[in-house]
Amino acid sequence: MLDTEFFRRWLAAATALIDREAGRLTELDSAIGDADHGSNLQRGFTAVAAALDKEPPQSPGAVLTLAGRQLISSVGGASGPLYGTLLRRTGKALGDAAEVTPAELAEALRAGVAAVAQLGGARAGDKTMLDALEPAVAALGETAGTFAAARDAAAAGALATVPLQARKGRASYLGERSIGHQDPGATSSALLFEALAEAAG
Ligand code: ADP
Ligand code: MG
């Protein structure tokens with residue numbers, strides 16, 4: 001079973017990974033965007049960590065809902081509302097249970113990713129975060145609890161954005177010139193699943 005502490009560990013690991021990789025995320029965003037993805041997420045996850053410390057939520061769903069709210073209110077870029085929606089929708093799907101099963105988390109994440117697709121109007125292959133998120137939740141659905149498989153699927157999905165042409169977000173303004181670069185959002189999504197695997201570790 002996954003308890004509230006597990007979800008706090010997940011977000012703490014995500015915050016640490018984003019801090020460590022912020023420079024790389026911003027570098028990727030400088031190639032096909034506006035060079036703020038690392039700093040956007042750093043600001044967002046710093047706010048998440050502060051909020052979780054200030055009023056510790058009492059259930060897995062409440063941890064994710066609070067984190068999502070913080071991302072939406074603290075990140076100005078496209079990624080803030082998108083990641084905020086991912087966490088809020090996933091948290092809402094978990095309800096107020098004190099513990100959830102890995103299968104319930106897989107199902108909730110599927111709903112969260114569907115909400116991201118709906119909000120941003122993107123689908124797999126558009127060179128966005130969905131190229132990492134969708135394979136990750138698919139892997140999680142097949143082998144609930146094997147978070148390493150989801151981590152690997154997300155990383156492979158992020159890498160597979162390199163040859164794609166962006167069809168959504170800022171990078172799409174570049175047309176064919178977006179080809180040959182890894183998508184920053186798919187890269188940060190892979191970090192979120194790396195953090196999940198660490199928390200389960
Ligand atoms: P901004 O583009 O506003 O500067 P960020 O740099 O923080 O925001 O985030 C950029 C990332 O957001 C992209 O690399 C992409 O993965 C993701 N993204 C942008 N638009 C969309 C969308 N419509 N649907 C899904 N993901 C998107
Ligand atoms: Mg940007």
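What volume does the largest cavity have? It comes to about 40 Å³, in a model that is predicted. A search of the whole structure turns up one cavity of 30 Å³ or more, and α4 and α8 are the elements that give two or more residues to its lining. The residues around the largest cavity are Trp-10, Leu-86, Leu-87, Leu-109, Leu-192 and Phe-193. Sort that lining by class and you get six nonpolar residues, with no polar and no charged ones.

Ring pairs tie Trp-10 together with Phe-6, Phe-7 and Phe-147 in a cluster. The count of aromatic pairs is three. Take Phe-6 and Phe-7: their ring centres sit 5.4 Å apart and their planes make an angle of 80°, so this pair is edge-to-face, the label for planes over 60 degrees apart. Phe-6 and Phe-7 are both buried, too.

Now for the open space. The largest pocket holds about 520 Å³. It is lined by 25 residues, and those closest to its centre are Ala-78, Ser-79, Leu-82, Gly-169 and Arg-170. Which helices do the lining? At least two residues each come from α1 (4-32), α2 (37-54), α4 (79-94), α5 (102-120) and α8 (184-200).

Next, have a look at the metal. Which residues coordinate the magnesium ion (ligand 2)? Asp-29, Asp-34 and Asp-36 do, each through OD, at 2.0 to 2.2 Å. Along the sequence, these donor residues follow the spacing D-x4-D-x1-D. Are Asp-29 and Asp-34 buried or exposed, or something in between? Asp-29 has 8% relative accessibility, so it counts as buried, the cut-off being under 20%. Asp-34, at 32% relative accessibility, counts as partly exposed.

Most residues other than glycine have a negative phi. Ala-35, though, has a phi near 60°, a positive value in a residue that isn't glycine. With a relative accessibility of 33%, Ala-35 counts as partly exposed.

Lys-127 does something along those lines in another loop. You'll find Lys-127 between α5 and α6 (130-142), with a positive phi of about 65° although it is not a glycine. Is Lys-127 buried or exposed? Its relative accessibility is 1%, so Lys-127 counts as buried.

Val-75 sits in the loop between α3 (60-74) and α4. Its relative accessible area is 5%, so Val-75 is buried. What is Val-75 in contact with, once its neighbours within four places in sequence are left aside? The list is Asn-40, Arg-43, Gly-44, Gly-80 and Pro-81. And how far apart are Val-75 and Leu-41? In sequence they are separated by 34 residues, while in space their C-alpha atoms are 7.0 Å apart.

How values were computed:
Residues are numbered from 1 along each chain as its sequence is written. Chains are lettered from A and ligands numbered from 1 in the order in which they are written. This is a predicted model: local features need pLDDT of at least 70, side-chain atom pairs count only at pLDDT 80 or more; totals for chains, interfaces and linings use all residues. Side-chain values use heavy atoms; hydrogens and water are left out. Rings of Phe, Tyr and Trp (its six-membered ring) pair if their centres lie within 6.5 Å; planes under 30 degrees apart count as stacked, over 60 as edge-to-face and the rest as tilted. Buried means under 20% relative accessible area, exposed over 50%, partly exposed in between (1.4 Å probe, protein chains only). Donors are N, O and S atoms within 2.8 Å of the metal (3.2 Å for Na, K and Ca); water is not among the atoms, so sites may look incomplete. On a 1 Å grid over the protein atoms alone, a cavity is a set of points where a 1.4 Å probe fits but cannot get out, and a pocket is an open set with protein on both sides within 12 Å along at least five of seven lines; lining residues have an atom within 4 Å of a point. Grid points are joined across faces, edges and corners, and a volume is the space filled by probe spheres set on the points. Helices (H or I, at least four residues) and strands (E, at least two) are DSSP runs, numbered from the N terminus. Ala, Val, Leu, Ile, Met, Phe, Trp, Tyr, Cys and Pro count as nonpolar, Asp, Glu, Lys and Arg as charged, and the others, Gly among them, as polar. Contact means heavy atoms within 4.5 Å.
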